[in-house]
Amino acid sequence: MPASSPNPILVADKLTITFPDGNGGLHALNDVSFHVQVREFVAVLGPSGSGKSTLLRIIAGLIAPTHGNYTFASGQSPRIGMVFQQANLMPWRTVIQNIMLPLELQGMNAAEARTHAQDLIELVGLQGFEDNWPRDLSGGMAQRVAIARALIHDPDLLLLDEPFGSLDALTRERMWMELSRIWQARRKTVIMVTHSIEEALFLSDRVLVLTQRPGNVKLDLKVDLPRPRKDEMRYTAHFGKLAGKLKDAIG
Amino acid sequence: MDSNSLLKLRQTYNRTRRWLGLVSLAAGLLAWWLAALYGGLPAFILPSPSDVWTRFLRALVSGELARHTGATLLEVLLGLFFGTTFAIILGYILAKSRVLEQILSPYLVASQAVPLVAIAPLLVLWFGPGIFSKILIVGLIVFFPVLVNTVFGIRAVPPAYYDLMRSLRASRRQILHHLEIPAALPIFFGGLRIGATLSVIGAVVGELVGANTGLGVLINISRGTFDTPMVFVAVFTLIVLALCLYGIVAWMERKFLIWQEHISNN
């Protein structure tokens, strides 16, 4: 853990969670501590059942940890943008209405929210699909809408929970480029949960590796690949070396 | 076969299908006519379509039909309104509280085991032959299907959507407005469609037991005076009433659920 963290937006301190299961409890996370810097892209990598999604849900405020705590730089609860494994678009809202949702919840009027949403539509490359129903979208397009929705209210923290896990391999790789470009344009602080070593390395500045349940930070690896990230980087020796380290840590 | 001629074939098929319905109705009418004409039955057993039609016109001009239809319609609408409103409120509460559901479910299930037709006389005895007892009967008959579908509709909201709303710090009220109501609407409408059809039955049952006006009363009176054509008129009016209600619900469904695939494809 870099003790010299100049500007942490999030400090997690010994987060521990046990779910009641009638058998002494399911110990999902154990003493997870880490910092996240402003505008940093952090990937949380771990085998399935390592509690990485649970960690994200704690930070999102959806569940409370059993022990430990986490603090945000602002001192209060931050604005969260979240993308789930499934796009979770509301089928009764059109593409643009789905993107507008966070602004509507903040009380912005529809006309103004629509203008903002139009910007996001362009950012994620969905011009022409504004008034389509979610059922008409492919998996990749739906996930773009979900990303746009997670960004529209200018969140302090973007949480991605295996955002491309349900996409096919080709679409997933295309979405890495897209997300990389979007991140470059918006420079949000991101925490992304994934089980793909390649995805973690390609997108993030740092990778935290969690152990098998109960999850604990086993490795905190800085990804010193230049930005903007390019597809070719995945085939370099350095990328391979970093991937090797992560693989060893996962075990 | 290319797609164009396939489309044409499909259109022809659809048009034919619509025609088939009309042809079938006309055939039924003709069969009725022939049966009445050559069946050798007296008119007070089986009146011919033309007897019914003339009786209909007479009842229309005298205002008799309008008066009874109006009374039934009022009972149906008020019963539907109150029955649906209470069902939605209780349904939402039950959907949210498993404990309350467990406490109330024996009563709810038992209330459904009681045939409403059997307790209608009691309700009329207690609440009088006026409109109130009919609204009560209609309300009770509408209540259960709407209640059950409201509970299922709310329960069917995928948990991931709650996560999304909560991550956006949505309030209870916003979750209700932006998530639960629209998500529950398709299943809710299924209940309302059943309720709308049942509501007419409820009103007639109440009127047959005891009332001063309404199509059920008209049937009773006409039967007593062997005015069988009038009984037919009343029955057909009830059918049209039920179909209209069903049509209105179906229309609302199409309007509110435009986002559903099978609706916008039609």
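## Polar contacts and the interface of chains A and B

A polar contact is a pair of N or O atoms within 3.5 Å; within protein, one of them must be able to donate a hydrogen and the other to accept it. In this predicted model, 7 residue pairs are in polar contact between chain B and chain A, with both residues at pLDDT 80 or more. The elements of chain B that give two or more residues to the side touching chain A are α7 (159-167), α8 (172-209) and α11 (261-264). Of these, α7(B) gives the most, with 7 residues. By class, this side of chain B has 11 nonpolar, 5 polar and 4 charged residues.

The contact takes 23 residues from chain A and 20 residues from chain B. The size of an interface is often given as the accessible area lost when the parts come together. Between chain B and chain A the buried area is about 2,000 Å², and carbon and sulfur atoms give 62% of that area. The interface of the two chains holds 1 salt bridge. In this salt bridge the side chains of B:D163 and A:R57 meet, with an N to O distance of 2.6 Å.

## Aromatic pairs

Over all chains, the structure holds 13 aromatic pairs. A pair of aromatic rings is described by the distance of the centres and the angle of the planes. For A:F41 and A:W183 the centres are 6.0 Å apart and the angle between the planes is 65 degrees, an edge-to-face pair. This pair links distant parts of the chain, with A:F41 in strand β3 (residues 41-45) of chain A and A:W183 in helix α5 (residues 169-186) of chain A, 142 residues apart. Both A:F41 and A:W183 are buried.

Another pair is formed by A:W92 and B:W259, whose ring centres lie 5.8 Å apart; their planes stand at 65 degrees, so the arrangement is edge-to-face. Because A:W92 lies in the loop between β5 (80-83) and α2 (95-105) of chain A, and B:W259 in the loop between α10 (228-256) and α11 of chain B, the pair joins two chains. Residues under 20% relative accessible area count as buried. A:W92 is therefore buried, at 14% relative accessibility, and B:W259 is likewise buried, at 11%. Within chain B, the residues B:W32, B:F232 and B:F236 form one aromatic cluster.

## Salt bridges within chain A

A search of the whole structure finds 20 salt bridges over all chains. One of the salt bridges joins A:R234 to A:E198, with the closest N and O atoms 2.9 Å apart. The pair links distant parts of the chain: A:R234 is in the loop between β9 (217-222) and α7 (237-250) of chain A, and A:E198 is in helix α6 (residues 197-203) of chain A, 36 residues away. A:R234 counts as buried, at 9% relative accessibility, whereas A:E198 is partly exposed, with a relative accessible area of 28%. Both residues belong to a network of salt bridges that links A:E173, A:E198, A:D231 and A:R234.

## Salt bridges within chain B

In chain B, B:K96 forms a salt bridge with B:E180, the closest N and O atoms being 2.7 Å apart. B:K96 lies in helix α3 (residues 64-96) of chain B and B:E180 in helix α8 of chain B; the pair links distant parts of the chain, 84 residues apart. B:K96 counts as partly exposed, at 38% relative accessibility, while B:E180 is buried, with a relative accessible area of 0%.

A salt bridge also connects B:E101 and B:R155, where the closest N and O atoms are 3.1 Å apart. B:E101 lies in helix α4 (residues 98-113) of chain B and B:R155 in helix α6 (residues 131-155) of chain B, so this pair ties together parts that are 54 residues apart in sequence. B:E101 is partly exposed, with a relative accessible area of 25%; B:R155 is also partly exposed, with a relative accessible area of 25%.

A:S180 is buried, with a relative accessible area of 5%. Leaving aside residues up to four places away in sequence, A:S180 touches A:L203, A:R227 and A:R229.

Notes: Residues are numbered from 1 along each chain as its sequence is written. Chains are lettered from A and ligands numbered from 1 in the order in which they are written. This is a predicted model: local features need pLDDT of at least 70, side-chain atom pairs count only at pLDDT 80 or more; totals for chains, interfaces and linings use all residues. Side-chain values use heavy atoms; hydrogens and water are left out. Contact means heavy atoms within 4.5 Å. Buried area is the accessible area (1.4 Å probe) that two parts lose on being put together, summed over both. A salt bridge is a side-chain nitrogen of Lys or Arg within 4 Å of a carboxyl oxygen of Asp or Glu. A polar contact is a pair of N or O atoms within 3.5 Å; within protein, one must be able to donate a hydrogen and the other to accept it, and residues adjacent in sequence count only if both atoms are side-chain atoms. Helices (H or I, at least four residues) and strands (E, at least two) are DSSP runs, numbered from the N terminus. Ala, Val, Leu, Ile, Met, Phe, Trp, Tyr, Cys and Pro count as nonpolar, Asp, Glu, Lys and Arg as charged, and the others, Gly among them, as polar. Rings of Phe, Tyr and Trp (its six-membered ring) pair if their centres lie within 6.5 Å; planes under 30 degrees apart count as stacked, over 60 as edge-to-face and the rest as tilted. Buried means under 20% relative accessible area, exposed over 50%, partly exposed in between (1.4 Å probe, protein chains only).
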